[in-house]
Amino acid sequence: MKICILSSCFGGGYGTGDSLKKEVDELLKLGHELIIIHGESKIDDYKKSGVKYFYFAFSKIPILGVLILQRNINCIISKVLQENSVDIFYVHTLEFGLVSKKNIKEIPVVYFARSTIKGVEVHKTKEYFLDAIRKRFVVPLLLYLEKRCIKISQIIIVKSNIMKQELVCFYKVKSNKIKIIRGGIDTADFPKMNQKE
């Protein structure tokens, strides 16, 4: 299967970037062909032979930067689809919400929802000064992108029942569209310790 992965993070750290790198390793072992569209500027240490990589840069210009990013991601996806037959999109990032539906044609989309923006906002225990600005300008954009990712996707992967309930409650996603794949612990990074250690 030829899988096109879209993620703002790819590579190091213990977050999305590291998780996705490990998923890529497993998908390659299973014999899949991979194309990765990413927003990480330095991934040389994480590149695998046989995988095609496409980079999109983030712009720091308010509002205009989002439009530039939208144009860049849609151009990359158009190029990828002109040069390759893609069986599925595997999405790890809200930036996919900027993609034109006609651009991805009828290719199925699997969206990995690590959390929901609505859930984060509802469950915040404390507000800080910058939260007012964030709520006014950033959160509406993130909610828009989240809604589009959810709408475009045929399958949504989550790691817990709580996440599944957030999608059902906040976005009225049908339960059968959501698949729970619980996270594991990489024992190479986190080896077992005895009680004394």
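Reply: Seven strands make up an open sheet with parallel pairing, in the order 3-2-1-4-5-6-7. Helices (H or I, at least four residues) and strands (E, at least two) are DSSP runs numbered from the N terminus, and two strands pair if DSSP finds at least two bridges between them. Strand 3 (52-55) and strand 7 (178-180) are the edge strands, each pairing on one side only. From one strand to the next the twist averages 20°.

This is a predicted model, in which local features need pLDDT of at least 70 and side-chain atom pairs count only at pLDDT 80 or more, while totals for chains, interfaces and linings use all residues. Residues are numbered from 1 along each chain as its sequence is written, and side-chain values use heavy atoms, with hydrogens and water left out.

Helix 1 (residues 16-29) packs on this sheet and touches strand 1 (2-7), strand 2 (33-38), strand 4 (88-91) and strand 5 (109-112); contact means heavy atoms within 4.5 Å. The direction of helix 1 makes about 175° with that of strand 1 (axes are lines fitted to C-alpha atoms, for helices over the stretch in contact, and angles run from 0 to 180 degrees between N-to-C directions). With 14 residues, helix 1 reaches 20 Å from its first C-alpha to its last, close to the 20 Å expected at 1.5 Å a residue; the expected span is 1.5 Å times one less than the number of residues. Just after helix 1, Gly 31 has a positive phi of about 90°.

The buried residues of helix 1 are Thr 16, Gly 17, Asp 18, Leu 20, Lys 21, Val 24 and Leu 27, and they pack against strand 1, strand 2 and strand 4. Buried means under 20% relative accessible area, exposed over 50%, and partly exposed in between (1.4 Å probe, protein chains only).

A salt bridge is a side-chain nitrogen of Lys or Arg within 4 Å of a carboxyl oxygen of Asp or Glu. Lys 22 forms one with Asp 18, the closest N and O atoms being 3.1 Å apart; both lie in helix 1, four residues apart, about one turn of the helix. Asp 18 is buried at 9%, whereas Lys 22 is partly exposed at 23%.

Lys 48 forms a salt bridge with Asp 25, with the closest N and O atoms 3.3 Å apart. Lys 48 lies in the loop between strand 2 and strand 3 and Asp 25 in helix 1, so the pair ties together parts 23 residues apart in sequence.
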